[in-house]
Amino acid sequence: MFRQMKNVDTAFRYIRTFSGCVIGGVVLLAGFIAWKSYRLASETQQKIYVLGNGKALEAFAADRRDNIPVEARDHIKTFHQLFFTLSPDEKAIAATISKSLYLADESAKAAYDNLKESNYFSNLISGNVSQAVRVDSVYVDINQYPYYFKCHATEIITRTSSVVTRSLVTEGYLRNVSRSDNNSHGMLIERWETLENKDLTIQRR
């Protein structure tokens with residue numbers, strides 16, 4: 001009888017140990033599943049899908065500092081293209097210049113006023129002159145703030161009798177501002193000045 005009770009007690013301990021192991025395993029498995037689900041949800045929240053040409057494209061969230069060089073170069077390129085790409089049309093000039101002035105401070109406005117006072121835009125219109133700019137390179141130093149930049153570009157001025165190619169070099173600084181419809185990069189050019197603007201070639205038409 002004692003042996004039988006001893007066997008029952010041993011069997012009970014085995015069952016209790018086995019049950020404890022099963023319960024512990026279930027708890028660990030549940031914890032692992034919960035952790036993986038939380039991690040997957042966090043990763044999913046950082047993904048944005050945009051629609052392009054009828055296809056869903058995945059965009060990834062990132063720290064803004066990782067994108068500063070790219071955004072800064074594009075901001076500077078956009079400003080120069082708007083400010084220096086001119087058609088012999090008063091309304092077209094006013095439209096592009098107005099857009100460019102949202103991207104820079106009063107230093108760009110002062111440059112615009114100087115060109116206007118010297119009848120630069122009037123001469124473009126009266127002479128049917130078109131002006132385009134190609135940004136060749138943009139250097140941005142993100143190790144200092146505001147961020148210093150230097151832009152090298154080429155101007156192409158098309159007149160009735162000739163096509164003039166000019167070298168354009170400018171510099172300035174960038175500081176962060178709020179993003180808006182008129183300033184999607186959230187940057188503002190300040191202390192902007194032209195270092196070089198000289199003729200390279202003149203081709204007769």
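In the predicted model, Leu29 is placed in helix 1, which spans residues 2-45. Together with Phe32, Ile33 and Trp35, Leu29 forms a nonpolar patch on the surface, and the accessible area of these residues together is about 430 Å². For the protein as a whole, the accessible surface comes to about 13900 Å², with 55% belonging to carbon and sulfur atoms.

The secondary structure consists of five helices and six strands. Read from the N terminus, the order of elements is α-β-β-α-α-α-α-β-β-β-β. The protein has 205 residues, and 27% of them count as buried. When contacts between residues at least 6 apart in sequence are considered, 60% join residues at least 24 apart.

The largest pocket has a volume of about 230 Å³. Its lining is made up of 16 residues, and those nearest the centre of the pocket are Phe83, Phe84, Leu115, Thr194 and Asn197. At least two lining residues come from each of helix 2 (64-84), helix 4 (106-117), strand 4 (147-158), strand 5 (162-176) and strand 6 (187-204). The most is given by strand 6, which supplies four residues to the lining.

Helix 2 also contains His75. This residue counts as buried because its relative accessible area is 0%, against a cut-off of under 20%. Leaving aside residues up to four places away in sequence, His75 touches Leu103, Leu174, Asn183, His185, Met187, Leu188 and Ile189.

Several features of the backbone were also examined. The peptide bond that runs from Tyr145 to Pro146 is cis, and its omega is near -5 degrees. Pro146 belongs to the loop between strand 3 (130-141) and strand 4.

Positive phi values occur at Asn128 and Arg191. For Asn128, which is not a glycine, phi is about 55 degrees. Asn128 sits in the loop between helix 5 (120-126) and strand 3. Its relative accessibility is 52%, so Asn128 counts as exposed, the cut-off being over 50%. Arg191, likewise a residue other than glycine, has a phi near 55 degrees. Arg191 is found in strand 6, the element that gives the most to the lining of the largest pocket. With a relative accessible area of 46%, Arg191 is classed as partly exposed.

How values were computed:
Residues are numbered from 1 along each chain as its sequence is written. This is a predicted model: local features need pLDDT of at least 70, side-chain atom pairs count only at pLDDT 80 or more; totals for chains, interfaces and linings use all residues. Side-chain values use heavy atoms; hydrogens and water are left out. Buried means under 20% relative accessible area, exposed over 50%, partly exposed in between (1.4 Å probe, protein chains only). Contact means heavy atoms within 4.5 Å. Accessible areas come from the Shrake-Rupley method with a 1.4 Å probe; for residues, only the protein chains shown count as cover. Patches are made of residues with over 30% relative accessible area and no salt bridge: like charges are joined within 9 Å, nonpolar side chains (Val, Leu, Ile, Met, Phe, Trp, Tyr) within 5 Å. A salt bridge is a side-chain nitrogen of Lys or Arg within 4 Å of a carboxyl oxygen of Asp or Glu. On a 1 Å grid over the protein atoms alone, a cavity is a set of points where a 1.4 Å probe fits but cannot get out, and a pocket is an open set with protein on both sides within 12 Å along at least five of seven lines; lining residues have an atom within 4 Å of a point. Grid points are joined across faces, edges and corners, and a volume is the space filled by probe spheres set on the points.
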